[in-house]
Amino acid sequence: MLLAASCGVVGTATGVGLVRPAYRLSVPADAPFRATCHRCGAPVTGWGSPRGCPRCHARLGPPAWLIGVVCGLAWAGIGWRLGPAPELLPYLLLATLGVLLGAVDLACLRLPDVLVKPGFVAGAAVFSGLAAGLSAWPSLLRAGIAAGVLAGGYLILAVLPGGALGYGDVKLAGLLGLFLGWLGWGEVLAGTLLPFVINGLVAVGLLASRRVTRHSLLPFGPAMLLGAWLAIVALPVLR
């Protein structure tokens, strides 16, 4: 519990630092990073400050308290689940990346390649090193297969007529499959099914409150990320 609490505190501070990156990355595909305030046009530079616009004081990005709490809870859950294991740091970094990706996807319906692709390469490199150091080659093989299966499945859904998934979702599926597969097939199965349940419940709630219509596009990345986190953290408790 002490490790989980410590992870929660550090994760909260880390999450606050994601406010400015979330704002600057929340742009349409192929557009440059945001460099000005959306309200007054004042220059916005740097990546680490959670403060608002220096000229008009408009909020830039998601609320700092909210993204801090979400990241803190994500870190605490991972710390509680894994404990002082060699895999702890990579999964904490995945949680941080996931919070940032979720914030960007909610803001502009986009999962930037500049975050997803390096995350996959880094994850593959770290797990290869862990497999060599721990003789965990079956885990590495399972992770690779899971990444390929999830990415392939999402690709099929993305290219089907009327499919609401984007190629960013396909790439994120590969990244999450890698991390889920390292832990086990149960995590892979749960992390595959839970996003569709979560997204369905959210869609029903938004439709019932008339905040969206049947033709509205909803970001799927947050549901994927929450589903993967739940599969990692909660599945061992249910076994």
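The legends below describe close-up views of a predicted model. Local features need pLDDT of at least 70 and side-chain atom pairs count only at pLDDT 80 or more, while totals for chains, interfaces and linings use all residues. Residues are numbered from 1 along each chain as its sequence is written, and side-chain values use heavy atoms, with hydrogens and water left out.

View 1. Helices are DSSP runs of H or I with at least four residues, numbered from the N terminus. Arg 24 is buried and has no salt bridge; Asp 30, the nearest side chain of opposite charge, is 16 Å away. Buried means under 20% relative accessible area, exposed over 50%, and partly exposed in between (1.4 Å probe, protein chains only). A salt bridge is a side-chain nitrogen of Lys or Arg within 4 Å of a carboxyl oxygen of Asp or Glu. A polar atom of the Arg 24 side chain lies 2.8 Å from the backbone oxygen of Arg 34, and one lies 3.3 Å from the backbone oxygen of Gly 46.

**View 2. Salt bridge between Glu 187 and Arg 81.** The closest N and O atoms of the two residues are 3.3 Å apart. Glu 187 belongs to helix H8 and Arg 81 to helix H3, so the pair ties together parts that are 106 residues apart in sequence. Glu 187 is buried, at 0% relative accessible area, whereas Arg 81 is partly exposed at 22%.

**View 3. Salt-bridge network of Asp 113, Lys 117 and Lys 171.** In the bridge between Lys 117 and Asp 113, the closest N and O atoms are 3.8 Å apart. Both residues lie in helix H5 (residues 113–134), 4 residues apart, or about one turn of the helix. Lys 171 also forms a salt bridge with Asp 113, with closest N and O atoms 2.9 Å apart. This pair links distant parts of the chain, with Lys 171 in helix H7 (residues 167–183) and Asp 113 in helix H5, 58 residues apart. Asp 113 is partly exposed, with a relative accessible area of 29%.

**View 4. Lining of the largest pocket.** A pocket is an open set of points on a 1 Å grid over the protein atoms alone, where a 1.4 Å probe fits, with protein on both sides within 12 Å along at least five of seven lines; lining residues have an atom within 4 Å of a point. The lining has 39 residues, and those nearest the centre are Val 70, Gly 102, Ala 103, Leu 106 and Pro 222. Helix H4 supplies the largest share, 10 residues.

Terms used. Lys and Arg count as positive and Asp and Glu as negative; His and the chain ends are not counted. A polar contact is a pair of N or O atoms within 3.5 Å; within protein, one must be able to donate a hydrogen and the other to accept it, and residues adjacent in sequence count only if both atoms are side-chain atoms. Helices (H or I, at least four residues) and strands (E, at least two) are DSSP runs, numbered from the N terminus.
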